[in-house]
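Here is a short briefing to read alongside the sequence and the 3D view. Have both open, and let's walk through a few spots together.

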Amino acid sequence: MAKSAVIGAGASDIGRRLNRDPMALTLESCTRAIEDAGLKREDIDGVAAYPGNIVAPVGYGGPQISEVQDALRLSLNWSSSGLESTGQLGPLINAALAVQSGICNHVLCYCTTWESTAQGLASKSGVKPVGDRATGQFAFMLPFGAHSPANWTALYAQHYFDEFGTTREELAQIALTARANAGKNPKAVYRDPLTLDGYLAAKMISTPLSLYDCDVPVDGSIAVIVSRADAARKRPALEIESIGCAMRGRPSWVDFDDLSTMAMRDAGKMLWEKSTLKPSDVDVAELYDGFSIFTLFWLEALGFCKKGEAGAFIRDGKRIALDGALPLATGGGQLSAGRLNGYGLLHEACIQLWGDGGERQVKKQPKVGLVASGGGPFAGCLLLQRA
Amino acid sequence: MGMRILPEVTPATASFWRSGADGKLRILKCADCAQFVHPPAPSCPFCMAGKLSPEVVSGRAKVITFTLNHQRWSPLDDAKVPYAIAVVELDEQKDLRLMTNIVGCAPENVRTGMTVRVTFEKADDVYLPMFEPC
């Protein structure tokens, strides 16, 4: 049977405080993706969303699937959304499985966020209101002023720095590379040049992570169409060659067995267990950079370098630059192009594999792209291969 | 620290959050396999057999990682920054961990590997286990 594949992609306007309705953003990305795939909305028979409309920090979720279904008057066999999945790419992985199982032909997958506008309206961050009590695993974290994923992630970053001697100067290459690429992407939100001195002088957020190690909330929506590879029409199919979504350790920020990696350790291992390709076959990698340290962990988890060696691997930035052996964050990543919960990275991988990157296009036309999303106890990754 | 977000106290977690009333830290322990279990669970995940009951522990621990938080996450947050958030491992058992704050020393002096002991901060109806150098 033909593999499942991405056969079209679309992005809405993306930016800081667009003051646009999240449903409008969603319909913009969805209609563009359907058109990009050469389909009509009558062809769509499945929808998958991350995360859908859920109880979460204000603006994190977009519209729920039933709203999108009704707005586009879709006729569906199947749908799936939510947070309880294998990282942000979980609903898309579910879509690939739905296509493989034969219950759907064309699944519309979307991820919408309007955190930037929502936070502006609420005049505060997504922190729980005082008086609310923390529940579940957060009951053991929030009372200690660990309000943000930045704090939880910083605990891993410090552990990794202590174990391997990695420095802020090395980590900086993730933010500097993303910003350099963003300068060539007209849709990126932060495009001004960033220097190492500028990085090191930035406000500390939670040691050792400073301002430029943290991604930026935006408003925007990404959609892709997942179908069988032989159903591709306008675009060359980007076959989903392999999926990594394993979680073999304890699913907890505090209790994961190794605080110098995260769930991506298991997802990355699974990706290669299920593929005939190897890390050296990857032409472009869009690795999750919600926080810069995640990218180091993904590089190691995916076998691009050994455990503890990511700092040396990226040290002068040349290897991961647009013209390097392993270009990363070619559109600016989440650090400079905005927090689209992994789907901006997925979209950029598609753009690169289709050769539509313009000024930021990787010159030697990429055939194999790697998309990885998640940090802490969430991880999922995909190998995309241009047919 | 300023206004804290307090934990919801459930039947399963009450023994942990109220333990500090007498200055002692208690962790659930399995009557069969003698393993400590945290966060609180309804049954022992090691042997799936034994009954779990709160047991007093030494309160001694080691910092296995930490971060100094410099950011105010809400306009309502009046905490003095930076403050030290840490993950400590209790002496009683490998990987028996708590997230906590390190108090009783300048945040800049916190280091991985530091030995620390428990001290409690009462907040409303709970006693938050904090740790200080020893």
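Leaving aside residues up to four places away in sequence, Cys245(A) touches Thr86(A), Ile93(A), Ala267(A), Met270(A) and Gly380(A). Please keep in mind that this is a predicted model. One of those partners, Ile93(A), is also among the buried residues of helix H3(A).

**Around Cys245(A)**
- You will find Cys245(A) in the loop that runs between strand E8 (238–244) and helix H8 (264–273) of chain A.
- Cys245(A) counts as buried because 23 other C-beta atoms lie within 10 Å, and the cut-off for buried is 20 or more.
- Ile351(A) is 106 residues apart from Cys245(A) along the chain, and their C-alpha atoms are separated by 23 Å.

**Helix H3(A)**
- Helix H3 of chain A covers residues 90–101, and its twelve residues should span 16 Å at 1.5 Å a residue; the end C-alpha atoms are 16 Å apart, so the two agree.
- Nine of the twelve residues of H3(A) are buried, so the rest of the structure largely encloses this helix.
- Those buried residues include Gly90(A), Pro91(A), Leu92(A) and Val99(A).

**Where chain A meets chain B**
- Chain A brings 32 residues to the contact and chain B brings 31 residues.
- On the chain A side, helix H5 (149–164) and strand E5 (204–206) each supply at least two residues.
- H5(A) gives the most to this side, with six residues.
- By type, the chain A side divides into 16 nonpolar, eleven polar and five charged residues.

Terms used
Residues are numbered from 1 along each chain as its sequence is written. Chains are lettered from A and ligands numbered from 1 in the order in which they are written. This is a predicted model: local features need pLDDT of at least 70, side-chain atom pairs count only at pLDDT 80 or more; totals for chains, interfaces and linings use all residues. Helices (H or I, at least four residues) and strands (E, at least two) are DSSP runs, numbered from the N terminus. The expected span of a helix is 1.5 Å times one less than its number of residues. Two residues are in contact if their C-beta atoms, placed from the backbone, lie within 7 Å. Ala, Val, Leu, Ile, Met, Phe, Trp, Tyr, Cys and Pro count as nonpolar, Asp, Glu, Lys and Arg as charged, and the others, Gly among them, as polar.
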